[in-house]
Amino acid sequence: MARSPRRAGAPRLQLPLLCLLLQGATAILFAVFVRYNHETDAALWHWGNHSNSDNEFYFRYPSFQDVHVMVFVGFGFLMAFLQRYGFGSVGFTFLLAAFALQWSTLIQGFFHSLHGGYIHVSVNSMINADFCAGAVLISFGAILGKTGPAQLLLMTLLEVVLFGINEFVLLNLLRVKDAGGSMTIHTFGAYFGLVLSRVLYRPQLEKSKHRQGSVYHSDLFAMIGHACEQTARFKEQLHCTPEGPQDERSSLRPSCHGGPMGSPPSPPGLAWEPHTGTIFLWIFWPSFNSAPTTLGDGQHRTALNTYYSLSASTLGTFAMSALVGERGRLDMVHIQNAALAGGVVVGTAGEMMLTPFGALTAGFLAGTVSTLGYKFFTPILEAKFKVQDTCGVHNLHGIPGVLGALLGVLVVGLATHEAYGEGLGSVFPLIAKGQRTAMSQAMYQLFGLFVTLMFASVGGALGGLLLKLPCLGSPADCQCYEDQVYWEVPGEHEDAAQGPLKAEEPDTQA
């Protein structure tokens, strides 16, 4: 019997040694530099005779919980649409985010919270580290299924450093306003990943095209619930088989016997995991944008603007998807992604006096543009620019991120003392102090966008060259989007998954 070339091209000890090296080095740096801040240290907090209810933990931790769920659950399951890469999508999300939050605590700490030679951590450190992890996962979406875990860890190592530098330049030197990260998180993460994908371009990726698609039913929910057992039994009776390529993101729309109209019902308690990622992200996005903003009216306003923008982007997505879809049918690729663009587009302007009408307008525009991007621009991106964007991060994070930055430029330029009153100082302290005019602050915002694009592009190119080192194992062109290369696959799926990976099989399957 043919032997499946598991972990092809990657030494057996490469991932364990890299994990041990990175964790060991991080632990040593933590021991040398990281300390509790005054609200976390037992001696310092009680020496100040504070009331426990005044501790910032009680104000920030609920937002942190929401952001944490978005990073580890929302992002992972949003990317779990590939029919044979569910473990890789969720599992590598877990790995990268776990390393990124440690490494970013150090990098961001050196830039933002270094006092007396020590990095002082608090609940705000956890929120900011999760933001950085979010940018890494956005980049991961662009190269999903085409890289090995060792490559991804090295990408994280580099990207976190560049993320910290870009964030420091924008927030501390240019004094740009970007609480929800339209620039620092979404634009940076998207274009870092897109340039990385361009450098790692695979001209023979068509050999794995038959795996680059979603399945209607999946038992991936075994990772978060009891649906595993009943799902596995149910799927034994379904015998779902993929058919030819149809949708523009994955080029494959699977169906079960009997066609789309005759598909069997879903098993009890089972949902389609990418859509679950969408729901988690959609629900918690107001917390994501408002988590770092000023307590009080600023945080309240950010949550409201995000709330309305997301609702409008959802309607815009449904409307445009039906309009451009074949025979007026909705495309789940559009719904599970473009509906979230409303959260991205108000990342910069969310804490400003955008007004509810402005939030609705921005969200509807973002959902519409994102849907059109999935329908028309993604194929052009690969065919003309040789950018193989697995998850369509350009449409969900890149374009809406740039639109969000430009929206911030507009709203800042319109800021007046009459509109903000005494609150001008909390939103635009430099304008309130007379050190900048509204127009000059708007120009700094615009310059911040260009700086972000520069750091992302240069960083993505450097990352691509790093990941192309021959010593780093990556799946062959005929083994991309396949869990079995790096994971033990459950028995009921292994036979189907092993077929395309047999050693004797010619590497020409399209």
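Which residue of S3 does His115 stand opposite? His115 faces Tyr118 there, and that pairing is a handy way into this predicted model, in which local features need pLDDT of at least 70, side-chain atom pairs count only at pLDDT 80 or more, and totals for chains, interfaces and linings use all residues. Residues are numbered from 1 along each chain as its sequence is written, and side-chain values use heavy atoms, with hydrogens and water left out. The protein chain holds 19 helices and three strands; helices (H or I, at least four residues) and strands (E, at least two) are DSSP runs, numbered from the N terminus.

**The chain as a whole**

- Of the 510 residues in the protein chain, 55% are buried; buried means under 20% relative accessible area, exposed means over 50%, and partly exposed lies in between (1.4 Å probe, protein chains only).
- The protein chain has an accessible surface of about 21,700 Å², and carbon and sulfur atoms supply 65% of that; the areas come from the Shrake-Rupley method with a 1.4 Å probe, and for residues only the protein chains shown count as cover.
- Among contacts in the protein chain with a separation of 6 or more, 80% link residues 24 or more positions apart; a contact here means heavy atoms within 4.5 Å.

**The sheet**

- Three strands make an open sheet in the order S1-S3-S2, with mixed pairing; two strands pair if DSSP finds at least two bridges between them.
- Strand S1 (34-36) and strand S2 (114-115) are the edge strands, each with a single partner strand, so one side of each has no neighbour in the sheet.
- As background, strands of a sheet pair through backbone hydrogen bonds, in a parallel or an antiparallel sense.
- S1 and strand S3 (residues 118-121) run parallel and are joined by three bridges.
- S2 and S3 are antiparallel, paired over two bridges.
- The hairpin formed by S2 and S3 has two residues between the strands, and Gly116 in the turn shows a positive phi of about 65°.

**Arg35 and its surroundings**

- Arg35 sits in strand S1, and its bridge partner in S3 is His120.
- Helix H1 (residues 14-33) packs on the sheet and touches S1 and S3, its direction making about 55° with that of S1; axes are lines fitted to C-alpha atoms, for helices over the stretch in contact, and angles run from 0 to 180 degrees between N-to-C directions.
- With a relative accessible area of 32%, Arg35 is partly exposed.
- Neighbours within four places in sequence aside, Arg35 contacts Phe30, Tyr118, Ile119, His120 and Val121.
- Arg35 and Ile119 lie 84 residues apart in sequence, yet their C-alpha atoms are 6.0 Å apart in space.

**Helices H4 and H6**

- Helix H4 (residues 86-112) packs with helix H6 (residues 149-173) at an angle of about 35°, and their axes are 9 Å apart.
- H4 and H6 cross in a right-handed way; a crossing is right-handed if the near helix is turned clockwise from the far one by less than a right angle, and left-handed if anticlockwise.
- The residues of the contact of H4 with H6 comprise 18 nonpolar, six polar and one charged; Ala, Val, Leu, Ile, Met, Phe, Trp, Tyr, Cys and Pro count as nonpolar, Asp, Glu, Lys and Arg as charged, and the others, Gly among them, as polar.
- Thr156 belongs to helix H6 and counts as buried, at 0% relative accessibility.
- Beyond its neighbours within four places in sequence, Thr156 is in contact with Leu96, Phe99, Ala100, Trp103 and Val136.

**Loop residues**

- Ala179 is in the loop between H6 and helix H7 (182-199), where it is buried with a relative accessible area of 17%.
- Not counting residues up to four places away in sequence, Ala179 touches Phe131, Asn289, Pro292, Thr293, Gly347 and Glu351.
- Ala179 and Ala291 are 112 residues apart in sequence and 8.3 Å apart in space, C-alpha to C-alpha.
- Arg175 is also in the loop between H6 and H7, and has a positive phi of about 55° although it is not a glycine.
- Arg175 counts as partly exposed, at 37% relative accessibility.
- Thr355, in the loop between helix H12 (341-345) and helix H13 (356-385), is a residue other than glycine with a positive phi, near 75°.
- At 41% relative accessibility, Thr355 counts as partly exposed.
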